[in-house]
There are 4 protein chains.
Amino acid sequence: MSDSDLAELEERVRASEFQGWAGLELMGMTRGTATFDFTALPHHRNLVGGLHGGVLAILADTATGVAMHSAIYPERTHVTVQLDLHFVSKPASDRIVATGTAVRAGRRIGYAEAEISDEAGTLVARASATFAISERRREGD
Amino acid sequence: MSDSDLAELEERVRASEFQGWAGLELMGMTRGTATFDFTALPHHRNLVGGLHGGVLAILADTATGVAMHSAIYPERTHVTVQLDLHFVSKPASDRIVATGTAVRAGRRIGYAEAEISDEAGTLVARASATFAISERRREGD
Amino acid sequence: MSDSDLAELEERVRASEFQGWAGLELMGMTRGTATFDFTALPHHRNLVGGLHGGVLAILADTATGVAMHSAIYPERTHVTVQLDLHFVSKPASDRIVATGTAVRAGRRIGYAEAEISDEAGTLVARASATFAISERRREGD
Amino acid sequence: MSDSDLAELEERVRASEFQGWAGLELMGMTRGTATFDFTALPHHRNLVGGLHGGVLAILADTATGVAMHSAIYPERTHVTVQLDLHFVSKPASDRIVATGTAVRAGRRIGYAEAEISDEAGTLVARASATFAISERRREGD
């Protein structure tokens with residue numbers, strides 16, 4: 001992936017309606033990694049006041065997916081086929097950082113991991129994802 | 001759980017700010033199961049136009065969590081410690097239904113599953129979750 | 001898969017050196033399902049006398065893998081890319097039965113589940129597996 | 001855990017009938033980590049000649065479980081409640097090394113990870129495990 005491809009991809013991620021709705025901010029991207037910033041608001045809380053697991057899942061899914069995208073773009077595209085999360089400890093801050101890393105991007109299968117931490121750097125959650133990878137068709141993506 | 005406990009819990013789930021934000025509607029709850037309805041909007045789409053995996057993760061996390069809650073409430077409470085999802089096929093409709101089932105609610109550990117389908121009943125995703133269960137303190141929860 | 005393909009596949013599974021070592025016995029196979037029988041011996045126990053989780057993982061991996069094999073054989077072949085297990089309750093008998101089911105066998109990705117129970121039918125473990133599927137080369141497989 | 005506790009635990013793991021049957025050799029243990037060595041034999045192969053996923057699952061389950069054991073022994077004990085594995089690449093050697101790390105050992109829940117590599121250091125599989133942790137009763141364990 002050239003620098004201009006990377007810049008273009010960053011731009012598309014930043015412009016994503018989903019990221020806006022979910023409250024995710026792309027902090028940085030390299031070929032094979034992506035870091036997102038998130039600040040918990042009242043509507044992100046569960047019935048007992050904690051950060052909703054589904055919100056951490058969004059972070060995990062996005063961080064692993066964009067990391068994989070950056071590793072294979074623009075030649076190939078991917079679909080997430082599996083995601084698992086371990087909730088390790090409650091975040092001590094509203095601000096959360098998630099970093100995804102493409103561990104392996106094969107011709108047909110990809111594997112990525114994400115680490116989610118709070119502001120103090122305490123591990124909040126760990127995630128892993130499996131991807132189906134295929135040739136990218138020009139018109140589709 | 002008495003009928004009035006169930007009704008109270010349903011009320012709390014329906015009033016949840018998170019559910020409103022996420023666009024989830026509680027369709028029904030019994031002791032140990034919970035069914036949610038969701039309709040995908042443009043901001044729930046990923047970069048390639050599909051339903052975002054994180055949205056399915058919210059559905060999975062909520063359906064399993066509320067199913068477990070209904071199985072153990074009001075005596076005990078739970079925290080999700082692990083969640084895994086398999087994305088089986090793309091939904092053919094904007095409307096999605098997720099049903100969670102508490103498979104086992106032990107004294108310390110719980111296990112629940114969720115099935116997510118589209119309007120035609122085609123399986124979209126399967127999820128499993130592990131919970132830490134504990135005595136519920138009156139003031140907390 | 002024709003009946004003779006199924007019979008041939010059953011024969012190969014039964015003759016497998018791995019199955020003999022692991023103590024698995026194929027009880028039955030249809031297109032998309034496979035059932036195995038296992039009896040725990042002293043060397044299958046962990047340090048605290050319970051059935052070793054790795055043994056249940058062998059059962060889960062085999063039941064899901066053979067179920068998927070039976071669903072796609074002989075045209076295609078598969079590789080397991082991901083496996084997750086939930087240990088639900090301790091088996092009350094030495095004899096264990098594991099049934100794998102191919103839930104979806106796509107052109108490139110497959111998904112299967114397994115259910116492991118003890119002699120009384122109590123659920124011991126649930127497993128899910130993701131597969132990479134590809135055309136089968138005559139000389140390989 | 002004192003040095004003598006660690007030495008005693010190492011001795012018990014090495015004497016385990018299961019480890020002998022499975023062909024695992026404990027290479028080293030510290031408080032919170034455990035490394036195992038394994039050499040694949042013909043009966044560890046699957047129908048297509050690769051290392052059986054169930055064998056990697058044994059390595060993953062053992063490495064994570066013993067790492068957790070070393071982190072909490074002798075005060076507390078654990079039971080594995082969930083295990084997930086990602087098969088990243090085929091090992092290029094018969095010899096495999098698995099290292100487990102206890103990432104978090106709470107009062108009731110533990111989380112550990114394992115990394116399995118071949119002789120050249122290439123990542124073969126990644127695993128995560130969730131544990132229920134409890135006080136250890138003198139007579140039990």
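Predicted model: local features only at pLDDT ≥ 70, side-chain atom pairs only at ≥ 80, totals over all residues.
Close-up 1. The cut-offs are under 20% relative accessible area for buried, over 50% for exposed, and partly exposed in between (1.4 Å probe, protein chains only). A salt bridge here is a side-chain nitrogen of Lys or Arg within 4 Å of a carboxyl oxygen of Asp or Glu. Both residues lie in helix α1 (residues 3-15) of chain C, four residues apart, about one turn of the helix. Helices (H or I, at least four residues) and strands (E, at least two) are DSSP runs, numbered from the N terminus.

**Close-up 2. The salt bridge of C:D37 and C:R95****.** The closest N and O atoms are 2.6 Å apart. C:D37 sits in strand β2 (residues 33-39) of chain C and C:R95 in strand β4 (residues 95-105) of chain C, so the pair ties together parts 58 residues apart in sequence. C:D37 is buried at 8% relative accessibility. C:R95 is partly exposed at 31%.

**Close-up 3. The salt bridge of C:E115 and C:R126****.** Here the closest N and O atoms are 3.0 Å apart. C:E115 belongs to strand β5 (residues 109-118) of chain C and C:R126 to strand β6 (residues 123-135) of chain C, so the pair ties together parts eleven residues apart in sequence. C:E115 is partly exposed at 38% relative accessibility, and C:R126 is buried at 11%.

**Close-up 4. B:D5, buried without a salt bridge****.** B:D5 lies in helix α1 (residues 3-15) of chain B. The nearest side chain of opposite charge, B:R31, is 7.0 Å away. Lys and Arg count as positive and Asp and Glu as negative; His and the chain ends are not counted. Beyond neighbours within four places in sequence, B:D5 is in contact (heavy atoms within 4.5 Å) with B:Y73 and B:P74.

**Close-up 5. Where chain B meets chain D****.** Nine residues from chain B and nine residues from chain D make the contact. Across this interface the rule finds zero salt bridges.

**Notes.** Residues are numbered from 1 along each chain as its sequence is written, and chains are lettered from A and ligands numbered from 1 in the order in which they are written. Local features need pLDDT of at least 70, side-chain atom pairs count only at pLDDT 80 or more, and totals for chains, interfaces and linings use all residues, while side-chain values use heavy atoms, with hydrogens and water left out.
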